[in-house]
Amino acid sequence: MKFSLLRKPINDAYRKKYIIECPWLMRYKYLFIFLLTIHSFCGSVPVQPQSANYSGKLKGKAMQLKLANGFIGGSEIHIGNVTYYANSGRPEANNTMLFQSKYLANGDYFVLNNMQQSYNPMPATISGKYFKSRRGVAVKFLLDK
C-alpha cells in the first residue's frame with residue numbers, strides 16, 4: 001500500500017471520477033494563474049489628475065497655485081519656498097477650501113472660494129483670502145496660458 005496523507009487511500013473509482021476526467025484543468029492551470037496575476041496588475045493602475053497652473057501676487061511676492069482637476073485635494077499653493085497644502089480631499093459644503101502649510105506654526109492660511117472637485121473648462125480666475133494673525137487679504141489667481 002502506498003503512503004498517503006489522506007485517511008483512506010485513493011481508490012480507482014475516485015481517481016477516475018475526479019482526477020482523470022479533468023485533464024483540461026491541469027493543461028490550462030498555468031495559463032489560468034498567469035491571467036489572474038496579470039488581471040490584478042492591470043486593474044489597479046492609478047489615474048493622475050490633470051493640473052492647471054495659476055499665478056498671482058501677494059504683497060509683492062509671486063504666488064503659484066497648482067490646481068489638480070479631478071482630485072482637488074492634491075492642489076498646492078507656493079509662495080517662495082513655502083508650500084500650502086489642501087486641508088481636506090474635497091471642498092466644504094459652501095464650496096470653500098482651506099490651504100495650510102505643514103511646517104509653519106505661525107497660523108497663516110488660505111481660503112479659496114468656488115472650489116469644485118472637477119472643472120470643465122478650467123476657470124479663468126480663482127479668488128479667496130489669505131489670513132495671517134486673523135487679518136484677511138483678498139487674493140486672486142489667474143490661469144497661466
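Where is the place of Asn69? Asn69 belongs to strand 2 of a predicted model. The protein chain contains three helices and eight strands, where helices (H or I, at least four residues) and strands (E, at least two) are DSSP runs numbered from the N terminus. Local features in this predicted model need pLDDT of at least 70, side-chain atom pairs count only at pLDDT 80 or more, and totals for chains, interfaces and linings use all residues. Residues are numbered from 1 along each chain as its sequence is written, and side-chain values use heavy atoms, with hydrogens and water left out.

**Overall organisation**

- Read from the N terminus, the order of elements in the protein chain is α-α-α-β-β-β-β-β-β-β-β.
- Of the 145 residues in the protein chain, 23% are buried; buried means under 20% relative accessible area, exposed means over 50%, and partly exposed lies in between (1.4 Å probe, protein chains only).
- Among contacts in the protein chain with a separation of 6 or more, 32% link residues 24 or more positions apart; a contact means heavy atoms within 4.5 Å.
- The protein chain has an accessible surface of about 11400 Å², and carbon and sulfur atoms account for 56% of that surface; accessible areas come from the Shrake-Rupley method with a 1.4 Å probe, and for residues only the protein chains shown count as cover.

**Nonpolar core**

- The largest nonpolar core comprises 21 residues, and Phe99, Phe110, Met115 and Phe141 have the most contacts inside it.
- Two or more residues of this core come from each of strand 1 (50-58), strand 2 (61-69), strand 3 (76-79), strand 4 (82-86), strand 5 (97-101), strand 6 (109-112), strand 7 (125-132) and strand 8 (135-143).
- Such a core is a set of buried Ala, Val, Leu, Ile, Met, Phe, Trp, Tyr and Cys residues joined through side-chain atoms within 4.5 Å.
- Beyond its neighbours within four places in sequence, Phe110 is in contact with Leu58, Met63, Ile77, Ile79, Tyr84, Met97, Leu98, Phe99, Lys129, Tyr130 and Val139.

**Buried polar side chains**

- Tyr84 is placed in strand 4 and counts as buried because its relative accessibility is 3%.
- The side chains of Tyr84 and Asp108 make a polar contact at 2.7 Å; a polar contact is a pair of N or O atoms within 3.5 Å, where within protein one must be able to donate a hydrogen and the other to accept it, and residues adjacent in sequence count only if both atoms are side-chain atoms.
- Tyr84 and Tyr103 are separated by 19 residues in sequence and by 9.1 Å in space, C-alpha to C-alpha.
- Ser75 is located in the loop between strand 2 and strand 3, and its relative accessibility of 1% is why Ser75 counts as buried.
- The Ser75 side chain reaches the backbone oxygen of Ile72 at 3.0 Å.
- Not counting residues up to four places away in sequence, Ser75 touches Lys66, Leu67, Ala68, Tyr84, Tyr85, Ala86 and Phe99.
- Asn69 has a relative accessible area of 12% and is therefore buried; its side chain reaches the backbone nitrogen of Tyr119 at 2.6 Å.

**The loop between strand 6 and strand 7**

- Gln117 is found in this loop and counts as partly exposed because its relative accessibility is 31%.
- Gln117 and Ile72 lie 45 residues apart in sequence, yet 5.4 Å apart in space, C-alpha to C-alpha.
- With neighbours within four places in sequence left aside, the contacts of Gln117 are Asn69, Gly70, Phe71, Ile72, Gly89, Arg90 and Pro91.
- Pro121 is also placed in the loop between strand 6 and strand 7, and a cis peptide bond with omega of about -5° joins Asn120 and Pro121.
- Asn114, in the loop between strand 6 and strand 7, has a positive phi near 50°; with a relative accessible area of 58%, Asn114 is exposed.

**A further positive phi**

- Asn95, in the loop between strand 4 and strand 5, has a positive phi near 60° and is partly exposed, with a relative accessible area of 36%.
- Most residues other than glycine have a negative phi, and most peptide bonds are trans.

**Nonpolar surface**

- Tyr28, Leu31, Phe34, Leu35 and Ile38 make a nonpolar surface patch of about 500 Å², and Phe34 lies in helix 3 (residues 29-42).
- Patches are made of residues with over 30% relative accessible area and no salt bridge, with like charges joined within 9 Å and nonpolar side chains (Val, Leu, Ile, Met, Phe, Trp, Tyr) joined within 5 Å.
- A salt bridge is a side-chain nitrogen of Lys or Arg within 4 Å of a carboxyl oxygen of Asp or Glu.
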